[in-house]
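Take a walk through this model with the coordinates open.

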Amino acid sequence: MMDSKLVTGETAPIEIQEAFNTLRTNLCFALSGETSKIIALTGTKNGVGVSTTALNLALSFSQVNNNKVLLIDGDMHSSVLTSKLDLSDKSGFSDCLSGCAGKETCIVSISGIDVLPSGKKPSNPANLLDSKAMEKLCEEFKRAYDYVFIVLPPASNFSDAAITAKFADGFVPVVRHDKTRYAEIKKLVRNIRLAGGKILGFVYNREPLKK
């Protein structure tokens with residue numbers, strides 16, 4: 001099921017491959033000097049392509065300099081990435097934060113990257129994120145990986161992104177052509193910045209190639 005989720009492979013249009021290469025290069029410059037590299041991806045609403053972007057970006061980073069990369073499905077509300085990768089029956093992020101499972105038993109290796117599924121759907125995702133367990137987990141991941149990408153639910157609708165701001169080195173919001181509105185972007189930026197988060201740049205998704 002993995003291949004259908006990839007757009008960075010050799011069979012993908014050259015424009016898309018180069019777009020991810022450019023995104024990777026720009027993020028490396030934006031993160032220059034950072035001792036840890038935890039990158040959070042979010043959007044203004046569901047369906048803008050956050051999960052697919054995060055997956056392919058993580059794979060892109062893993063393909064250079066032998067980078068060790070972890071991709072976390074931190075969206076404990078809808079868990080789109082976990083569903084795409086057919087990992088819904090696996091323990092994951094929520095289980096690690098609640099103390100029900102260790103990270104070693106939850107992380108799976110897929111195409112050269114490590115993936116931490118979302119885990120069982122909790123009743124209090126925000127409380128799990130705003131915890132000592134989250135702080136400890138992030139510190140452990142910083143030591144173990146070169147880059148950590150975490151998928152978050154829409155920053156305009158949930159507090160998860162704001163809470164994660166104190167753990168992430170930066171945010172990459174994903175906006176979608178003909179779907180994301182300026183007012184939504186403005187609200188997302190305000191919420192992240194009020195929480196002290198740093199926006200590294202935006203991904204403009206689904207732009208018609210002919211343009």
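Helices here are DSSP runs of H or I with at least four residues, numbered from the N terminus. The model is a predicted one. With that numbering, S51 sits in helix α2.

Is S51 buried or exposed? S51 has a relative accessible area of 8%. The cut-off for buried is under 20%, so S51 is buried. Set aside the neighbours within four places in sequence, and S51 is in contact with V80, L81, K84 and V151.

Now go to strand β4, residues 113-116, which holds D114. The relative accessible area of D114 is 15%, so D114 is buried too. What does D114 touch, beyond its neighbours within four places in sequence? The contacts are K68, V69, L70, L71, I107, V108, S109 and Y145. I163 is another matter. It lies 49 residues from D114 along the chain, and the two C-alpha atoms are separated by 24 Å.

D89 gives a contrast. It lies in the loop between α3 and α4 (93-98). Its relative accessible area is 71%, so D89 is exposed.

N66 is not a glycine, yet its phi is positive, about 55°. It belongs to the loop between α2 and β2 (69-73). S79 also is not a glycine and has a positive phi of about 55°. Its loop runs between β2 and α3. S79, at 13% relative accessibility, counts as buried.

Next, the helices. Start with α7. It has 13 residues, which should span 18 Å at 1.5 Å a residue. The end C-alpha atoms are 19 Å apart, which agrees. Which residues of α7 are buried? They are M134, L137, C138, E140 and F141. Seen down the axis, these buried residues fall within an arc of 165°, so they line one face of α7. On the other side, K132, K136 and R143 are exposed.

Helix α9 covers residues 182-194 and also has 13 residues. From its first C-alpha to its last, α9 reaches 18 Å, close to the 18 Å expected at 1.5 Å a residue. Its buried residues are L188, V189 and I192. They cover an arc of only 95° around the axis, which puts them on the same side of α9. A183, K186 and L194 are exposed on the other side of α9. What covers the buried residues of α9? The cover includes β1 (38-43) and β6 (170-176). After α9 comes G196, with a positive phi near 90°.

Now turn to the empty space. Rolling a probe the size of a water molecule over the atoms shows where such space is left. How many cavities of 30 Å³ or more does a search of the whole structure find? There are two. The largest cavity holds about 80 Å³ of space. Its lining consists of I38, I72, F93, M134, L137, C138, F141, V148, I150, T164, F167 and A168. Two elements give two or more residues to this lining, α7 (132-144) and β5 (147-151). The largest share comes from α7, with four residues. By class, the lining of the largest cavity has 11 nonpolar residues, one polar and no charged.

The largest pocket comes last, with about 910 Å³ of space. It is lined by 38 residues, and those closest to its centre are F20, G49, T53, N205 and R206. Which elements each supply at least two residues of its lining? They are α1 (14-30), α2 (50-62), α3 (80-84) and β7 (203-205). The largest share, seven residues, comes from α1. The lining of this pocket divides into 18 nonpolar, 11 polar and nine charged residues, whereas the lining of the largest cavity has no charged residues.

Technical notes
Residues are numbered from 1 along each chain as its sequence is written. This is a predicted model: local features need pLDDT of at least 70, side-chain atom pairs count only at pLDDT 80 or more; totals for chains, interfaces and linings use all residues. Side-chain values use heavy atoms; hydrogens and water are left out. The expected span of a helix is 1.5 Å times one less than its number of residues. Buried means under 20% relative accessible area, exposed over 50%, partly exposed in between (1.4 Å probe, protein chains only). The arc is that of the directions from the helix axis to the C-beta atoms. Contact means heavy atoms within 4.5 Å. On a 1 Å grid over the protein atoms alone, a cavity is a set of points where a 1.4 Å probe fits but cannot get out, and a pocket is an open set with protein on both sides within 12 Å along at least five of seven lines; lining residues have an atom within 4 Å of a point. Grid points are joined across faces, edges and corners, and a volume is the space filled by probe spheres set on the points. Ala, Val, Leu, Ile, Met, Phe, Trp, Tyr, Cys and Pro count as nonpolar, Asp, Glu, Lys and Arg as charged, and the others, Gly among them, as polar.
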